[in-house]
Structure formats: C-alpha cells, structure tokens
Amino acid sequence: MKADVSTARTGPAAEEAGGVLTIDLGAIAANWRDLKARAAPARCSAVVKADGYGLGLKPVALALANAGCDTFFVALLDEARRLRAALPTATIYVLDGLMPGTAGEFRKLRVEPVLGSWPEIDEWDAFARECGEPLPAAIHIDTGMVRLGLTPQEAQVLAERMRLLNFKPNLVMSHFACADEPKHPLNAKQISVFRELSALFSGVPASLANSAGLLAHKNSHFDLVRPGISIYGGCAVTGEDNPMRPVVRLDLRILQVRQAAKDESVGYGATQALRRDSRIAICAAGYADGVFRAVGSSDSRNGAEAIVAGRRCPLVGRVSMDLLAIDVTDVPEADVKRGDFATLVGDGISVDDFAAHAGTIGYETLTSLGQRYARIYCGG
Ligand SMILES: *Cc1c(COP(=O)(O)O)cnc(C)c1O
C-alpha cells in the first residue's frame, strides 16, 4: 500500500504557531530499513506506541508501512484502533495486554493482546473458546524487569499446557531492563533465561530486542526485533555514537528581541541575573510544548542552547509555560529580529542533547512535544 504523506502539515499554520516541528518521514523510513538490515535474518517490526513516540501515529505508520514494515506494537487498545484505521492489514500487538472486558474489541479490530499474566490468559482463552476461534495473541515473559509478564515458573506451566489452549500464541516475547547499558550483567542473564524459556514454546516465534538490544546485542535478535527509539533517530545505547539519522527539527518563533541591562534578571523567580548588558530573544514555546522547565538556567547552572543565526546561544532564566528567553547578545544585531526562528533541536543539537539538559532521555523529549507546533512532515 502506498500513501502520499510527502509534505502534509498538522496543527496550526506556521505563521501562527509558537514553533515549527519538522518530522522527516524519509529519515524514519531509512532508519527502519537500516535496522531491518542489521537484524536480518530476524524480522523487523516497529514500536509506534504513544502516538509514534510523539511524532504522529498515522504519518509515521504509513511511512513505515511504505518502507515494508508489516508488524507494529502499540501500548493501548485505542492506539491500536487508530493504527488499524490507517493500516487495514498490518499485524498489531497491544503491549499493555488485555484489560478486563475488552476482548471483544480486540477481535473486532483484529489486533492482538500481549498477555502477561494468568488472569489475562484465562480471559482471552475463555473468549476464544466462546468464539470457537483460535484467536492469536502474544505471550510476555518477565525475564528480570519486574514489569509486565509471566514469571519464568508461570511460563513453564503455560508451555506445558500449550496443546490445551483455545487461543493461539503466535509470539513469545520479553523485554530488556538495561539494554542501553551494554555492559550491565542483567543483559546476559535476560538473554539466557529468555533463550531457555522461549524454546519451550516450540514453533512460536520469539522476540526480545528493543533498539538497544538490536544495536548492541546481536545474540538477542531471535525471530523478531522491536525497535522504537532508533526509528525516530534517538540514541538507544548510552555512551556510543548514535548511528541513526536525525528525524526531528524544532524551530521556535522569536516574538521580540529586547535589550536588558547588566544585573537585571530574566523570567520567573529572577533565577538568572545578567552579567553584562544583553540582548534577549523571547520565543513562543515553553514547558507546555515539551521544553522542560529543567532546561532553563540560573545563576548557578547553565541551561540548554539554541541556534540563532548560525550561532549557539544559551537559554536564560526559567522556562515559562508558553515562553522562553535566549541570550542573543553574541549574534550581530542585524541577524536576529522579530519573526525569526531559534533552533532548539536540529543543526547538530540532537533530541538527546536537549534531553540531557533536563536530566532525561530523548524518548521523553519526543513524547513531550505537545500539540501546539505547526508540524511539517517532509520526505515521505
Ligand atoms: C517501548 C518498547 C519497545 C521499544 O523500545 P525502544 O527502546 O524504544 O527501542 C520494545 N518492546 C517493549 C515491550 C516496549 O515497551
């Protein structure tokens, strides 16, 4: 199926918006193909939970489907519903599993729960018996994260009962707790526990690796890999060069450029006093748009940087809900004026660089972007 998603726009018009978020669907497709090649002969799916990591479920999913992806993971049933509307034939798994009373909706949408507890398995099994259909589902085993999934003992019991089930497990999976830290000893342990347990489900494809597993642990690929963050250009493996192409660019509108005198302070709380006479660019985005308060600056702490007229300039003072301030004193006066843009992500500033200033990770940057930007989808 081919769909034209080349230069669609969502959200307000760029002239009215506080910023322009540019999402490179070509880079998303290229990243997925790159990951698929690295994972071969394992098959490659795509994790598109949380609105395609904040970038827009439908355009992201169509770009991935056009690149050849046919298996997708979301977290919740409503995400699966929106994905099903975009992709009528894809295989769709719901990672958070089966909530009580929702089995009928799963069947109607032809999407599969990832079952990670006895109550879910019992409910899905009873529903399949009632329907008289071997409804498919994935089985989730917890190999050391203590989040979702059957314990190893429960998984063994289930494997022994395979022939008695009314539903049809078509994937057995687990999830890494520390794959982003390749040297962490829990990785090897989880791989070996999963190897042993998945083998008990003979004939059922196995899946363990997220992005970091795919990139850093070749022995974790099994039959299907489940990358998320790497598709979106984020860094999956801490402390290593990120081989993926950047996907997002965030340009914030400059509302005014103002003079301020040495010793005046900028913004709420007066947290940062100016050390010299300065020029300050006020931009139309803030923490309601995913520019975390924690990336602001104070007298004792530097904040994030933005690029204005080709120069790196520091954020100054606290980030407000809808506004932030950038010190543009070092940009020639003629080069920055009302209506220009400041680049918060892009041109060498990655989502992970930005996230680091807030003590967080690129995943949280992407999923916090908010809905107020003009979103431009290019390269589809
Ligand atoms: C989110 C998620 C993934 C994808 O993880 P990334 O680190 O983004 O690649 C894979 N599997 C499960 C179970 C997940 O929750």
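Predicted model: local features only at pLDDT ≥ 70, side-chain atom pairs only at ≥ 80, totals over all residues.
**Ground rules.** Residues are numbered from 1 along each chain as its sequence is written, and side-chain values use heavy atoms, without hydrogens or water. Local features need pLDDT of at least 70 and side-chain atom pairs count only at pLDDT 80 or more, while totals for chains, interfaces and linings use all residues.

A side-chain N or O atom of tyrosine 53 is 2.5 Å from a ligand oxygen. For serine 211, a polar side-chain atom also lies 2.5 Å from an oxygen atom of the ligand. Glycine 228 uses its backbone: a polar atom there is 2.8 Å from a ligand oxygen.

**Cover.** I then checked accessible area (Shrake-Rupley method, 1.4 Å probe). On its own the ligand has 390 Å², of which the protein covers 94%.

I turned to strands β16 (residues 305-308) and β17 (residues 311-314), which run antiparallel and are joined by four bridges. Strands here are DSSP runs of E, at least two residues long, numbered from the N terminus, and two strands pair if DSSP finds at least two bridges between them. Valine 308 faces arginine 311 across the pair. Two residues separate the strands of this hairpin, and in the turn I found alanine 309 with a positive phi of about 50 degrees.

How values were computed
Polar contact = N/O pair within 3.5 Å; in protein donor to acceptor, adjacent residues only side chain to side chain.
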